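Please examine the model shown here alongside the report that follows it.

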Amino acid sequence: MTNPPTPQSGSPDKEPVSEAQAAQNALGNTERAEVATKPGGSASTPEPEQKPSLGRLFMDNLWAANTFTVTLLSLVLAIVVGAVLMIISDPAVLSTYSYITSRPSDAITSSWTLVSEAYANLFKGSVFDPEAFSGWLNGTGSWQAVLAPISETLTYAAPLVFTGLSVALAFRGGLFNIGAQGQATIGVIMAALAGFLLPLPPGLHLLVAVLAGALGGAIWGFIPGILKARAGAHEVINTIMLNYVATYFLTWLIVQNGVQDPNRTDAISKAVDTSAQLPRLLGDNLRVHAGILLAVLATWAVAWLLNRSTLGFELRAVGANPDAARTAGISVTRTYILIMVFAGILAGLGGSNMVLGSTASALTPLVVAQIGFDGILVALLGRVKPWGVLLAALLFGALQAGGNRMQSYSGISLELVTVLQALIVIFIAAPALVKAIFQLRAARAARLQTSLAKGW
Amino acid sequence: MEPGEIHALLGENGAGKSTLMNVLYGLYQPDEGEILVDGKPLKLKGPSDAIGAGIGMVHQHFMLVPVFTVAENIMLGAEQVRGGIAGFLDRRRARREVTEVSERYNLRVDPDAVIEDLPVGIQQRVEIVKALTRDVDLLILDEPTAVLTPQETEELLTVMRSLKAAGKSIVFITHKLGEVKAIADRITVIRRGKTVGTASPDASRDELAALMVGRNVRLTVDKAPATPGEPVLEVTGLVVDDDRQIRAVDGVDLTVRAGEVLGVAGVQGNGQTELIEAIMGLRPVLAGTVSLVGDRIDGWKPKKVLRAGVGYVPEDRSVDGLIKEFSVAENLVLDIYDRPPFGAGLALKPDAIAASAKERIEQFDVRTSSADASVGTLSGGNQQKVIVARELSRPLKLFIAAQPTRGVDVGSIEFIHSQIIRERDIGTAVMVVSSELDEVIGLADRIAVMYRGRIIGIVGPDTPREEIGLLMAGISPDVAHERNTDAVPGDGPATDGSPASGPGSASEDEA
């Protein structure tokens, strides 16, 4: 890179807050210098503002931030640590290590077999299974079997997109929404109630049920929002507490008359009417449902809201510098409330997916699973950017789907997937560690900051 | 520095006083030059080296843990333990030390009081005791009176005298002339990072003021005589509190007319910030009225005030003026993003924003690699130009600029000044608040001097700067009296600020 020193980097009265920022400035300058040199001599012709497409945004992320490299390397590290855990937890493989000095090939072969098969099953269960494909070609298998892994991945990913967006949106506005779980819980309750209590025609019924879920989440987001704006109560504490309230409200509600399935004695509600269920996209044998389409739509909507709307401008301004936002006439309190309501709507939609989609059709105490908490991880992994969140949710969905197959075929516990997810996030949250392990250049790593470290 | 001396370091904000002292305390490393202690050069790698060399510092913003007791705070960093490996904290010993030190220097503090319950003056005393328990010979007080009420200031001066009597040396950083004259043995004036003079406390206030604000770099602003029109901003009897609920603006009356520049001069911290924040709707007005072309605007939200045609350059650009993470283009529409042509309904118009940004960047000569560069990468002067460009790019009735050229290079200063005058000449009422006297004199058609929350005098720009300096120090000379239109008697330290310090002595006894 041949960058002439830009005037900015040399100004004596620049005020870099820290070394990191200084490095960031320098980096920013070099990058812009590169961009500036690209058009060659035609710099004077004004370039029309390009509409950022998905691909463009992806490339921007890849190019502008070195975060992509770290994310990728974090994945690699997590897979390596996961492999070690598999070996340790398998007594047969572990026993070969007792005589490793005499016959090292045993230990290496058995470890390799175990790990490679496990990860192969993870892949086959989530993305593509070559055997199913050849089966389909031979005529012995169906096309559904080929698409089954993808279908599973998308089914698991859909709710995570919503909760991830919820956390990411709030974070961009300077709020740490730990409450996506609670908002999703209230969302699932409202969606299910609308789903089996309201006798509505198909189509309308689904719409009402989805909106009911969004409304539920909105209410549960509004509460910490208004508490933050009016009383200065910290949203982290309040959202955590509201998670408990929501969870136990669900537990209580399920066994009430009119809600509980009259044919059952255990804690399960009536099933949602088929008229309120999200249609399956690839026939009844595959679980993927319209929720994933809604998720993509929501991602686009959040991206538009953040980057192209006045509201998003306010939100980002408040998130980055509330003082300057206030001075510029933006109502910080109003923005805080709106942020939490929007975050709640998104989480509520994620909750609706859990009961209106194909994962479950009735309320149980665990119907929302961990989507709210996983949403925090997804947001972090997606670097709190909408399209990044979508990709991160797909990855987490794939890990879930592949984990199921890994468990049944390789006997590796499904919990290992959870450990893998945790490891990925830990490595991402500690970019310095990844940097040190892979000896990344300091200047590049300087702009990596832990996405969610702010706000405490 | 000599033993038992109080050396005052005097200079305006940003003159380099605090930086110098931070170097002395080992927080910053000097680029060149050396520090001599007892004739020997000293290399300080960090504050612990400085403490080892007998240098202690009381920061402007206290370094205390609010939920710890006084004794715990004092032992922090030098914890005494007993019980060997179990390592019990020896609180009793810490408490004894506190009592001992406070008795020796007559600094009354209760070792068991919790910091957050103590008034600011006492917290500062804790900081001093903390430094003294580390056996320092040289104590640096960085603007110790900036946060104190007049009564607390008096107490601090008493403490300093007793420390001096005990043979400790004190470096006293301030920009308040009165205190310097009251306590210092020797005065060094710093301006723009250079020592511009040393004076004895016998020097008159205006001599010191002149040294402080400097007269060698007189910035001249070419401008035609003003043609004042109708009053645009009228402020009557304005009363405003600062963040600590202490009266900051205490009955201010002001009028700014169309086509004139009213300069507000005064030493930092005499209520100028609170005055403009109240006008902008950023701070509640407790009494009095603010009118813009006849409309009462006190109680309006900032957005409404801005929409009514008020442009505002805030004092601290990095805190209130800009969002560093945002691009130059975004910062250029920070307060008009939702108005046509930049926003329509809920949608932003990126094309309009980019086009306008390009135009502003050219018009205001903002040196940036692109409009999409984040504003944090720009130099201070260019950052300030972004704010000025933003505020002057819409039709204004009133333009308020606070410290418009602080931390800005000379070239940008001239440019910003010329833009301010240009705005005046198209008939906008302009109010410039600055602690740089040169700036006020250069720009203003009338100068209002603020002192302790009041306008102590309004004078013309050709008033001798000594006279303005005196007003800034709270003295209204006879000459100034004659010219004053609505002068408040300025000899009132007894009355000024007295409602503020109520809780001080009371809670001290409780603690």
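The report below treats confidence, overall organisation, the nonpolar core, and selected strands and loops.

## Basis and confidence

This is a predicted model, in which local features need pLDDT of at least 70, side-chain atom pairs count only at pLDDT 80 or more, and totals for chains, interfaces and linings use all residues. Residues are numbered from 1 along each chain as its sequence is written, while chains are lettered from A and ligands numbered from 1 in the order in which they are written.

The model scores are ipTM 0.75 and pTM 0.75. Two residues are in contact if their C-beta atoms, placed from the backbone, lie within 7 Å.

## Organisation of chain B

Chain B contains 19 helices and 22 strands; these are DSSP runs, of H or I over at least four residues for helices and of E over at least two for strands, numbered from the N terminus. Of its 511 residues, 51% are buried. A residue is buried if 20 or more other C-beta atoms, placed from the backbone, lie within 10 Å of its own, exposed if 12 or fewer do, and partly exposed in between. Among contacts in chain B with a separation of 6 or more, 68% join residues 24 or more positions apart.

The domain assignment of chain B gives domain 1 (6-213), domain 2 (220-309 + 396-511) and domain 3 (320-394); such bounds come from an automatic or database assignment.

## The largest nonpolar core

A nonpolar core is a set of buried Ala, Val, Leu, Ile, Met, Phe, Trp, Tyr and Cys residues joined through C-beta atoms within 7 Å. The largest one has 265 residues, of which A:V161, B:I140, B:V432 and B:V449 touch the most other members. Helix α8 (residues 143-172) of chain A contributes the largest share, 16 residues. Beyond four places in sequence, A:V161 touches A:A295, A:A298, A:T299, A:V389, A:L390 and A:A393.

In chain B, 4 strands form an open antiparallel sheet in the order β12-β11-β14-β15, with pairing defined by at least two DSSP bridges between strands. Its edge strands, β12 (247-257) and β15 of chain B, each pair on one side only. Strand β14 (residues 287-292) of chain B pairs with β15(B) over 2 bridges, and B:S291 stands opposite B:R296.

B:D298 lies in the loop between β15 (295-296) and α10 (302-307) of chain B. B:D298 is partly exposed because 19 other C-beta atoms lie within 10 Å. Beyond four places in sequence, B:D298 is in contact with B:V285, B:T289 and B:V290.

## A buried hairpin strand

Strand β22 (residues 454-459) of chain B is mostly covered, with 6 of its 6 residues buried. Antiparallel to β22(B) runs β21 (residues 446-451) of chain B, joined to it by 5 bridges; B:I447 has B:V459 as its bridge partner. These two strands form a hairpin with 2 residues between them, and B:R452 in the turn has a positive phi of about 50°.
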